[in-house]
Amino acid sequence: MNKSHRLLGFALCGLTLAVVACSEASLSKVGTPELRAELFDTIIARTERREAFSPVKNERLGFDPVMEMEALRDVVISANTEPELYYALARLSHARRDRHLDLYLVAGGLELPDSAGLDVLGGETNEPGQAPVKIFPDYSEEDAGYFVGDLAADPRWPELPAIGDQIVSVNGMLVEAWHDSATAFMRHSTTIALRWKLAEAMALSTAAFPSHLRAAELTLVVRSSSGTESTYSLPFADPSELIWTGSGDPSYPGLGLELKTPTFDLLVPEDKRRFVVLIWRGFRETMVSDVDALVEFAESQGLLDHALVMDVTRSRGGSLGAYAMQRLQPLPFKTTFGNLRISDVTEPFVEDKRLDFAARNINDGGVSETIDDGSWLMSWLESDVLGALTRGEAYSTNVPFKLAHAPKESDGILEPAPKHFRGPIGIISGPSGGSHLGQFVSIIVDNDLGPVVGMPPGGYSNTWEWEEVLTFPGTDQPVVAFMWNIGHTIRPNGEIAEGNPAAVDEWIPLTRANVETYYARMLERVLALLESPRTP
């Protein structure tokens, strides 16, 4: 969730390498087989030292992350072009199956003919083109495939597939084979979220996929509900130019928009029923002020005693969700906790935070991480965390998440704010987002604050990541920036959150058949559950 602000470039020169090998590497961005082998071994060693692995995720997915990485040794060593090496390292990183962990292109490092959609350290990211369709997974069964979920309303493309058409093939590959091939290049922490992200990426001209999975146009073979198959060749357009029909977006007929902020849309029933709906967009820069404005508006309109339904199906992550929880429902609750893996990057990580604290800039990608000035967090880092390093312990103590709302001695129980919504709360959830969103939903579920319907969030969450610019051994030749997950999020029930999203009360899968009525159905069900007595 948080990225180290000052990246370290390490010279990785192995003593067994000849001077000539180091000299050759300075002439080539892909190095030599010997240097790539040394780079591979260094990544594995650092992963074993630093990574905060999630045993519950590994058990659920049935894999060992280090073994999965080791299996790619020959792929990395044999990569003798820049694209081959980049995608080999992407596979190596993604083999850990952690949605937060990605690669970054760096100045002077590996270059690609097209980097659309890839993060560039210190530079601009080129946005990928979007085909005039959106694809969704059919969750009716584990392998039910993908379907057309939304269309661009644009006269440039009068001939498009229909909403609900099933995807048969992608760029000449059967969709099942495309799914299997694309999985190696898609970051994910759960299989349910993997399918969502692959569906999104299918309609993008993203360089997240190597050339054999991409084409100048998106060619789809689709099957209609009557069984007829049709082929469409769809161009990629600037996403900002596309206007969508909205078939797959949150939609609640009979509710009117009463308040709009960057954080949410507030919808109120036109027939005066006593509930409100928040279409929630994330825990970002303006969330605190937006939530304060919501409470003031709700008080002025007599809405604080209404039931509150949060649709988080399109929400991003961020920070300070407990602040919102204290104001959106009436019960005390235990917040999430977190820790740090103790390793060779513990001291530089703490030093990063010291500099952030001195600059009054403790944040997560521009989003404030703490309610106070960061004093609670720094006290823990400089006492407990550095103390654990001195003692040779594997992990720090578990403390309320990032010490954002309570000091390290706290039991994590937070009371509602003086002014808050007093009615029951319910959640409409889906696999699109995760991170701090997943923590927010786990607080609802683990504290039994209200019902959750739909599908679980994407299942990725940790405390912090560490980023580092990798260079070839014995040279100053950068390759890519690599990331490690260096801390666990602990759900209120005591379980590690990564790869372990909170379960929903009522599973309502998105399918080809229900895409246009999906949100109305989920609202109906969550309201029914809100009216039913909660059982322990």
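This is a predicted model: local features need pLDDT of at least 70, side-chain atom pairs count only at pLDDT 80 or more; totals for chains, interfaces and linings use all residues.
**Exercise 1.** At what angle do the axes of helix H7 and helix H8 cross, and which residues of H7 meet H8?

*Solution.* 
- Start by finding the two helices: H7 covers residues 175–183, and H8 covers residues 191–202.
- Next, look at their axes, which come within 11 Å and cross at roughly 105 degrees.
- Angles from 65 to 115 degrees count as roughly perpendicular, so H7 is roughly perpendicular to H8.
- Now turn to the residues in contact. On the H7 side you will find Val175, Trp178, His179, Ala182 and Thr183. Their partners in H8 are Leu194, Arg195, Leu198 and Met202.
- Finally, sort the contact of H7 with H8 by class: six residues are nonpolar, two are polar and one is charged.

**Exercise 2.** How many cavities of 30 Å³ or more does a search of the whole structure find, and which helix gives the most to the lining of the largest cavity?

*Solution.* 
- Begin with the count: the search finds five cavities of 30 Å³ or more.
- Then pick out the largest cavity, whose volume is about 120 Å³.
- Go to the centre of the largest cavity. Of the 16 residues in its lining, Thr335, Thr336, Phe401, His405 and His436 are the closest to that point.
- Check the helices next. Helix H10 (321–328) and helix H13 (436–446) each supply at least two lining residues. H13 gives the most, with four residues.
- To finish, sort the lining of the largest cavity by class: there are seven nonpolar, seven polar and two charged residues.

Methods. Residues are numbered from 1 along each chain as its sequence is written. Side-chain values use heavy atoms; hydrogens and water are left out. Axes are lines fitted to C-alpha atoms, for helices over the stretch in contact, and angles run from 0 to 180 degrees between N-to-C directions. Angles under 35 degrees count as roughly parallel, over 145 as roughly antiparallel, 65 to 115 as roughly perpendicular and the rest as oblique. Contact means heavy atoms within 4.5 Å. Ala, Val, Leu, Ile, Met, Phe, Trp, Tyr, Cys and Pro count as nonpolar, Asp, Glu, Lys and Arg as charged, and the others, Gly among them, as polar. On a 1 Å grid over the protein atoms alone, a cavity is a set of points where a 1.4 Å probe fits but cannot get out, and a pocket is an open set with protein on both sides within 12 Å along at least five of seven lines; lining residues have an atom within 4 Å of a point. Grid points are joined across faces, edges and corners, and a volume is the space filled by probe spheres set on the points.
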